Amino acid sequence: MSYTIGLVGKPSVGKSTLFNAATMNDVPEGAYPFTTIDPSIGEAYVRVDCAGPEFGHDCTPNHGYCADGIRFVPTKLVDVAGLVPGAHEGKGLGNQFLSDLNEADVLIHVVDFTGRTDMEGEPTEGHDPREDIDFLEAELDMWYLDILEKGIERYRSGYGGEERAIEADLAEQMSAFGIKEEALKQVILSLDLALDPDAWDEADRERLAREIRIRTKPMVIAANKADTEAARENYTEITADPDYEHLTIVPVSAHAEKALKNGEEAGLLDYRPGDDGFEILGDLPEEKRTGLEQIRGFLDEFGGTGVQRAIETALFGELGAIAVFPGARTPQDDGSFLQDCFVFPGGSTAEEFAYFLHTDIGEGFLHAHDVRTERQIGADTELSHRDVVEITTTN
């Protein structure tokens, strides 16, 4: 699992329910603050159209599973605990929260779109979900700003005894966020700022911190409890608000996903995660059947429960990742053909894929082949989503 998705949100918004629905783990769920104290880690999945049917092949994956031509590829999902106002100042579980958060490549912010949970996670009425979205972004921006300010001080003090460019000192100070010197320079220039922190005022520094955060911690909003009328009204209003155009907001019903998966495990339903429908397989009490029909109405309206869509939007949309199958032009009869499918950075080359598979494979890289077309491709050829690639290596 090459990527980690961080699940964040204030207490009591259904974050643990969504985590359980995605991973089928069993972490505590409850309508009170800090139900989750330590981060919970589980295996979620992203869907990829399996390449096997194109080759008349029934695959047996090494990791994840395949169902009706859809490959479910594992990814790590972390339920990050401790988000409260002032987290960047150490309030609540602030320091632990930020440390755990920094392990995530992309975030899913779970928000109670019914407006029935206040900023501290207590029951209320008429709360505006925009306040939740704003306060998480503000917390992250202040966290980034604190580290940015330390980088500026590092530059001004001449740390290391040699004159250096501002982007070099900032990149070193902010290395935990995975941003490189050249990328940082481009961020500064994109905001029409001089490469001189003495020319930046407080607003400039805040803009820079925010832009670095947006680029290094992309985020999807899971508009949870969207199966209620209040949540749907808020969803319609907020997605039409130009102040939130920079965010991808996915309508979600975590409890519906959990109910469908539980029904499928019990043999009562035919349901594949992420599908826009399900089939009832046996006799159910009228109360349960009525509840399922309500869930069906939500699936009809939004094309699914939104749990899979949020996870896949985070990886394939916000991060721009791709899935690639290692393959062979002449498959062996040992069942190994298309056993693997890996999610890794979009824009990566054939040689980078070889290194991703193993350092020895990369170091001995000779060339690669597109298995579909049988065309030889070079080291610098960029791969595409669902490519099937054979690597030829001296190792």
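1. Ser253 counts as buried, at 0% relative accessibility. Buried means under 20% relative accessible area, exposed over 50%, and partly exposed in between, with a 1.4 Å probe and protein chains only. Ser253 sits in the loop between strand 7 (248-251) and helix 8. Leaving aside neighbours within four places in sequence, Ser253 is in contact with Asn224, Asp227, Phe298, Thr305 and Val307. Contact means heavy atoms within 4.5 Å. Helices (H or I, at least four residues) and strands (E, at least two) are DSSP runs, numbered from the N terminus.

2. A word on the basis. This is a predicted model, where local features need pLDDT of at least 70, side-chain atom pairs count only at pLDDT 80 or more, and totals for chains, interfaces and linings use all residues. Residues are numbered from 1 along each chain as its sequence is written, and side-chain values use heavy atoms, with hydrogens and water left out.

3. Confidence comes next. pLDDT is the predictor's confidence in each residue, from 0 to 100. The protein chain averages a pLDDT of 90, and 91% of the residues score at least 70. Residues 30-37 stay under 50. For that stretch the model has 22 contacts beyond four places in sequence. Where pLDDT is low, the predicted coordinates should not be read in detail.

4. Helix 8 (residues 254-265) packs with helix 1 (residues 15-23). The angle is about 35°, and the axes lie 8 Å apart. Axes are lines fitted to C-alpha atoms, for helices over the stretch in contact, and angles run from 0 to 180 degrees between N-to-C directions. From helix 1 come Thr17, Leu18, Asn20, Ala21 and Ala22; they meet Ala254, His255, Glu257, Lys258 and Lys261 of helix 8. The residues of this contact divide into four nonpolar, three polar and three charged. Ala, Val, Leu, Ile, Met, Phe, Trp, Tyr, Cys and Pro count as nonpolar, Asp, Glu, Lys and Arg as charged, and the others, Gly among them, as polar.

5. Pro218 is in the loop between helix 6 (202-216) and strand 6 (219-224). Why does Pro218 count as buried? Because its relative accessibility is 10%. Not counting residues up to four places away in sequence, Pro218 touches Asp105, Val106, Leu107, Arg213, Glu318 and Leu319. Pro218 and Ala104 are 114 residues apart along the chain, yet their C-alpha atoms are separated by 9.9 Å.

6. Five strands form an open sheet with mixed pairing, in the order 11-10-14-12-13. Two strands pair if DSSP finds at least two bridges between them. Strand 11 (342-345) and strand 13 (375-377) are the edges, each pairing on one side only. Neighbouring strands are turned by 45° against each other on average, direction ignored. Strand 12 (residues 365-370) and strand 13 run antiparallel, joined by three bridges. His369 stands opposite Gln376 of strand 13.

7. Which strands does helix 10 (residues 307-318) touch as it packs on the sheet? Helix 10 touches strand 10 (321-326) and strand 11, and its direction makes about 90° with that of strand 10. Helix 11 (residues 350-357) also packs on the sheet. Helix 11 touches strand 10, strand 11, strand 12, strand 13 and strand 14 (388-393). Its direction makes about 125° with that of strand 11.

8. Phe344 belongs to strand 11. Phe344 counts as buried, at 2% relative accessibility. Beyond four places in sequence, Phe344 touches Ser2, Tyr3, Ala321, Ile322, Val324, Phe353, Phe356 and Leu383.
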